[in-house]
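Student: Please take one part of this structure and look at it closely. I would like to know how it sits in its surroundings.

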Amino acid sequence: MSDIKRMNPLKYRSIFLSDIHLGFRGCQARFVLDFLQSTQCKQLYLVGDIVDLWAMKGGLYWPEAHNQVAREIFDKARRGTEVIFIPGNHDGLFREHLDARFGDVVVRDEVVHTTADGRRFLVLHGDKFDGVVQNSLWLAKLGSRAYDQLLALNGYLSRVRSLFGLKYWSLAGYLKHKVKDAVSYIGNYERAVATEAGHRELDGMICGHIHHAEMRDIQGVTYCNCGDWVESCTALVEHHDGRLELLRWTDAFPQTISTMEPEIALARAS
């Protein structure tokens, strides 16, 4: 851990992270750890799929970097940050323990977050709006495994790019945004999520699940997706005046992570 990061952190009112996928080989744990050590906030929202229980059913994978991320989260909670964990589909087992506390981390199904400028946002993972996950869980898991195999190529590509001094780039993200069906799926998901916020007469929605970081207006509702830490390495942050911003950590601070050994980068929409 860098003492300099601790002494000079980037300070935010709130931070929202989703789809870290600890326990999965594609988790960019070193990027996550660097982000957590470089930032400070009053509230930290863990917006689902923080731990990948689906992946761990195929065999335990939990390297030291994943331990360090978990330890850093609990350390933040112990030092006074309000840490709220909202389970997703990959760590849905924790939904059986709503309102429980694990250390100083509290588990919630969903939360309404009020920003410093008075706007109200529904915060949840978002898998309830995914018809494939809700109605065909077996199909979602099958697709997840197949996609893992296909996108393992992304890890080798990252290593080659690193050898030539090139910055992190995700083949997974490129393919996802070029495939017509994937683009249509993302659009439908975003509209469904925004509609729910509108029905509840809220100003916006903050979610994850589809590994596609975004912040835009949809029919008068502010839709925010935190993104993920297996592909895009993104976080949603709230400044002290209530302004929301998406950070892509690999772009914002390349000097911090350029020396890190790249891990396999995968993008799983479910």
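Tutor: Of the 10 residues of helix H2, 9 are buried, so this helix is largely enclosed by the rest of the structure. Buried here means under 20% relative accessible area, with exposed over 50% and partly exposed in between (1.4 Å probe, protein chains only). Helices (H or I, at least four residues) and strands (E, at least two) are DSSP runs, numbered from the N terminus. This is a predicted model, in which local features need pLDDT of at least 70 and side-chain atom pairs count only at pLDDT 80 or more, while totals for chains, interfaces and linings use all residues. Residues are numbered from 1 along each chain as its sequence is written, and side-chain values use heavy atoms, with hydrogens and water left out.

The buried residues of H2 are Ala-29, Phe-31, Val-32, Leu-33, Asp-34, Phe-35, Leu-36, Gln-37 and Ser-38.

Next comes the nonpolar core, a set of buried Ala, Val, Leu, Ile, Met, Phe, Trp, Tyr and Cys residues joined through side-chain atoms within 4.5 Å. The largest one has 30 residues, and Leu-17, Phe-35 and Trp-229 have the most contacts inside it. Elements giving two or more residues to this core include H2 (29–38), strand E1 (10–17), strand E2 (39–46) and helix H4 (64–78). H2 supplies the largest share, 6 residues. A second, separate core has 15 residues, among them Leu-124, Ile-186, Val-193 and Ala-194.
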